[in-house]
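Visitor: I am new to this structure and would like to learn how to read it, one feature at a time. Could you take me through it slowly?

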Amino acid sequence: MDAEIIVAELTADRTPAVVELFRRSLDLPEDAAEAPELVDTLWTRAAVDRPVVALGAYRGAELVGALVCSVSAQDPRLGYVDLVAVDPAHRRRGAGRALLSSAERTLAGLGAAEVLLAGNPPHYGWPGIDVRYTPALCAALALGYQQDRTAWNMTADLSYDGSPALRPTDAAEARLAGRGVTVRRAEAADLPALTEFARGTFGGAWDAELAGSVGREGAGCHLAERDGEVLGFAAYGSSRPSWFGPMGTAPAAEGSGIGGVLLRRCLRDQRAAGLPSAQIGWVGPIPFYSGSAGARVERVFFLYRRTLGG
Ligand SMILES: CC(C)(COP(=O)(O)OP(=O)(O)OC[C@H]1O[C@@H](n2cnc3c(N)ncnc32)[C@H](O)[C@@H]1OP(=O)(O)O)[C@@H](O)C(=O)NCCC(=O)NCCS
């Protein structure tokens with residue numbers, strides 16, 4: 001390890017410098033562009049639900065790298081590295097290694113027995129390491145991490161009027177209305193019913209993502225209901241403005257076209273916000289998103305883990 005590197009915990013007053021560092025150090029432009037939201041979600045907003053620590057790597061007085069790590073809110077034995085990058089001008093000189101080792105010590109101190117280089121829902125920037133961050137894959141292996149799962153996003157093209165992702169929803173909504181189903185934008189007053197629906201139908205994992213979507217700037221949620229009963233929802237923007245999800249349709253209502261309508265309503269919002277494409281994050285059913293929005297599998301992520309003290 002490079003002896004000149006010092007790692008220290010970052011405090012909130014360093015936020016502008018940390019955002020600037022990630023803006024120039026995340027090599028993929030779609031990530032660099034969302035550096036402010038990534039820092040806000042993973043450092044500030046995530047801290048409401050779980051322990052979060054941000055570390056800075058300094059060479060002299062200069063901040064040359066940063067890392068945000070956290071402990072799972074569900075399982076305190078699991079620590080996560082949520083965000084890490086080193087300034088391109090300072091790579092291969094031990095800053096990444098120093099940050100990762102310091103994060104491992106910090107997470108162990110918080111009770112973690114294992115560290116994952118993976119998304120820690122509900123607040124995550126990526127499901128794992130995008131395979132195009134190849135130096136990060138190399139660093140993970142060099143530092144003793146083992147590849148665990150694979151995950152992927154799908155991209156919905158919002159860049160032109162005729163895109164299948166922007167197909168009108170009027171006809172499908174009229175058909176649903178004929179069966180007593182209303183589709184509309186969710187508002188703050190809908191949150192309790194939405195949360196109850198998501199918990200009851202899919203387990204408890206989406207509370208925070210719903211709260212981070214409904215009525216928040218740069219985010220949103222649409223729902224379908226019949227006689228005041230929620231039948232499905234789709235949300236976007238809770239972690240990153242360009243990311244879509246989660247969504248869910250009641251099993252009894254599957255196949256009625258509700259899911260496609262909810263999906264495309266969200267994508268339409270995202271386009272209206274000026275986004276050229278949307279990332280359907282950490283997917284599930286490829287044929288559904290391909291059929292409903294012409295989305296294609298694009299970003300692929302490897303997830304890594306390492307047992308501490310081993
Ligand atoms: C991943 C990253 C943080 C590594 O930072 P770094 O300061 O260059 O890492 P280190 O110098 O401590 O390297 C540690 C080890 O990782 C491996 N490694 C790092 N970069 C590598 C590369 N380009 N090729 C091969 N191995 C590499 C090496 O084994 C290295 O040890 P060595 O230099 O003694 O051989 C940096 O490349 C980066 O910021 N990338 C862009 C952002 C990113 O990918 N973030 C994670 C995904 S979200």
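This is a predicted model: local features need pLDDT of at least 70, side-chain atom pairs count only at pLDDT 80 or more; totals for chains, interfaces and linings use all residues.

Visitor: Into which domains is the protein divided?

Guide: The protein is divided into domain 1, which covers residues 5-144, and domain 2, which covers residues 156-299. Taken over C-alpha atoms, the centres of domain 1 and domain 2 are separated by 30 Å.

Visitor: How many residues of domain 1 are in contact with domain 2, and which helix gives the largest share of that side of domain 1?

Guide: On the side of domain 1 there are 13 residues in contact with nine residues of domain 2. Helix α3 (residues 35-45) gives the largest share of this side of domain 1, namely three residues, and by class the residues of that side are five nonpolar, four polar and four charged.

Visitor: Which residues come nearest to the ligand, and which element supplies the largest share of the shell around the ligand?

Guide: There are 21 residues around the ligand, and those that come nearest are R91, G96, Y133, C138 and A142. Strand β4 (78-86) and the helices α4 (95-109) and α5 (134-142) each supply at least two residues of the shell, with the largest share, five residues, coming from α5. Sorted by class, the shell has 13 nonpolar, three polar and five charged residues.

Visitor: What covers the buried residues of α10, and which residues are they?

Guide: In helix α10 (residues 286-293) the buried residues are Y289, S292 and A293. Seen down the axis of α10, they fall within an arc of 80°, so they line one face of the helix. Their cover includes β7 (146-157), α9 (258-272) and β12 (277-280), while the exposed residues P287 and G291 are carried on the face of α10 turned away from its buried side. Helix α10 is followed by G294, whose phi is positive, near 60°.

How values were computed. Residues are numbered from 1 along each chain as its sequence is written. Domain bounds come from an automatic or database domain assignment. Two residues are in contact if their C-beta atoms, placed from the backbone, lie within 7 Å. Helices (H or I, at least four residues) and strands (E, at least two) are DSSP runs, numbered from the N terminus. Ala, Val, Leu, Ile, Met, Phe, Trp, Tyr, Cys and Pro count as nonpolar, Asp, Glu, Lys and Arg as charged, and the others, Gly among them, as polar. A residue is near a molecule or strand if its C-beta atom, placed from the backbone, lies within 6 Å of it. A residue is buried if 20 or more other C-beta atoms lie within 10 Å of its own, exposed if 12 or fewer, and partly exposed in between; C-beta atoms are placed from the backbone. The arc is that of the directions from the helix axis to the C-beta atoms.
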